[in-house]
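Q: Could you take a close look at one part of this protein with me? I would like to go through it slowly.

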Amino acid sequence: MTTVHEPITATDAATTAADLSVWPASTTEAAHGVLAVGGVPLAEAADRFGTPVYVLDEAEVRDRCRTYRDAFPEADVLYAAKAFLCRAMAHWMDEEGFGLDVCSAGELELAVTTGFPPERIVLHGNAKSPRDLDLALRLGVGRIVIDSPSEIARLAAAVGPDGHQKVMVRVVPGISAGGHGKIRTGTDDQKFGLSITDGYAAHAITRILDQPQLELSGLHCHLGSQITSVTPYLVAVRRMVGLMSRLHRQHGLVLPELDLGGGHGIAYRPGEPALDLTTLARKVRAELTAACAASGLPVPRLVIEPGRAVAGPAGIAVYRVLSVKHTGGHVFVAVDGGMSDNPRPALYGVRYAPRLIGRHSTAETAPVTVVGRHCEAGDILAADADLPADVRPGDLVAVPVAGAYHLSMASGYNLVGRPPVVAVRDGQARLLVRRESLEDIRRRDVGL
C-alpha cells in the first residue's frame, strides 16, 4: 500500500524553517509529521531506545567546533565538559582539536581514560578536593586554575619541591553579565575567583610567584552564562590587560595567556538572540591588540571555553505523553521525564519550544504547560508551549536545545533513572550512554 502525502507549500516550508531555527542543521520534517535529525526519525529513536531519550547530533557538535576553530584560529579552544561529557564527546573534542575544561576528578578521569591528552586539559573549581588535585597532578593536566588563596599552599605542597605545574588565576573583573542571576559569575558577590577591586587577585599572584614549583601561565576570568552581547567581553579584556600591566610594572611579569572563559549565549526558542561568534572574535582580537599596545605588552595567547554553545543546540530530549489534564483553565501535558533529567526550568526559569513529533496533526495549536512526572509543583518543562489541541497520551514530544546542562545536572529524584544518550549521524543511531536501570539503583543501595 502506497501512502500519498500532501506536498509542502512554500509558505509551509518557510514556517517550518522558522520553527526549526533552533534545531540541528540536519533536521528535516516531512508533511506527515516525521521529524528526523541526522537522518534518523526521532520517533524511531524513541521506539528503539525508549523514552525519555536524549538524541545528540554528532555532525552538529563537530560543525560547531569547526565554527569556533574558524572564528578563533589563533586561540586555544577548550570545551567546558560540565555542559555534557561522555566518552564519545571527549573523543570528538580530541579529533576536532579542542582542549577540555574539567571541574572534578570524575570529569578528568573519564576524559583521560578515553584517551584525551591530559596536557590539553585545564582543571577548574572553586573548592577543589584533595582527590581532584592529586589526580590532576598524577595525570599531568596542562593547567590548574587557582580560585582561592588557600589553594596556593595546598597545590605547592602537593606538587613538591622538585615538581612543576602550570597554573592560572581566576580573576573577578567586576562585570555583571549573563541570562540569570544564578549564572552571573563576573561580579564580586559570588563564590568564584579573586577580585581585582579589593586586591585579592594581585595578592594571590604575588604568593604564587614565591612558589618556584608553580608557573603562572596566565589569567582567567569567566563572566557568566547565556551572554548574548559582545560588550561585556570587551570590558573584560580591558580590565584583565589592565591587571597584566600592573603586574608587569610591579614584578616584570609578562604573562603568555589570557583565558576569557565561555558563557556564549544560544537561542532556546525561535527568535531569541544568540552571541555572534564572528563579531565576538573580531572585536575581542582588536580590543586585545589595542589594549596590549597601549600598555606596552605583547599580545597573550587567547583561551576560550565554550560548552553550552557546542553541545546545547545539538541535543534533543524526546518524551512520551502520559496524560493530558484540563483544570482551572489550564491544560497540563504530563510526560515521562521532568526535573530529574532537566532541572533548568525550575532553577533558572528557562523556556523551551517543544514540538509534537511522530504524527501529523491538523488541529490548531493551543497554549499548554508541559510538566514532568515528579512530585513537585515546580516540575515544569515548558510553560505556555504551543502544541496541537488534540495532543493525547501516547504522543511523542521533542524538546530542542537539550544537549547542555540537562543530563549533566540530572538527579535520582523519585528513583526514576537517568535517560540514555543516543548519537545520530548519516542515518545511523548508536547508544552512547545507556539508561540508568532499577538494577543500577538497587546495586548502589548496600545497607539494610
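Which residues of helix α7 (residues 149–159) are buried?

A: Happy to. A word on the basis before we start: this is a predicted model, in which local features need pLDDT of at least 70 and side-chain atom pairs count only at pLDDT 80 or more, while totals for chains, interfaces and linings use all residues. Residues are numbered from 1 along each chain as its sequence is written, and side-chain values use heavy atoms, with hydrogens and water left out.

In helix α7, the buried residues are Glu151, Ile152, Leu155, Ala156 and Val159. Buried here means under 20% relative accessible area, with exposed being over 50% and partly exposed in between (1.4 Å probe, protein chains only). Helices are DSSP runs of H or I with at least four residues, strands are runs of E with at least two, and both are numbered from the N terminus.

Why do these residues sit on the same side of α7? They cover an arc of only 125 degrees around the axis, which puts them on the same side of the helix. That arc is taken from the directions that run from the helix axis to the C-beta atoms. As background, an α-helix has 3.6 residues a turn, so residues three or four places apart point the same way.

What does this side pack against? The buried residues of α7 are in contact with α6 (130–139), β8 (143–146), β9 (165–172), α8 (200–209) and β11 (214–220), where contact means heavy atoms within 4.5 Å. After α7 comes Gly160, with a positive phi near 85 degrees.

Just after α4, Gly97 has a positive phi of about 80 degrees.

Arg308 also deserves a visit. This residue is found in helix α11 (residues 308–311), and Arg308 counts as buried because its relative accessibility is 7%. Leaving aside residues up to four places away in sequence, Arg308 touches several others, among them Ala83, Ser225, Arg344 and Tyr405. The C-alpha atoms of Arg308 and Ala80 are separated by 7.8 Å, although the two are 228 residues apart along the chain.
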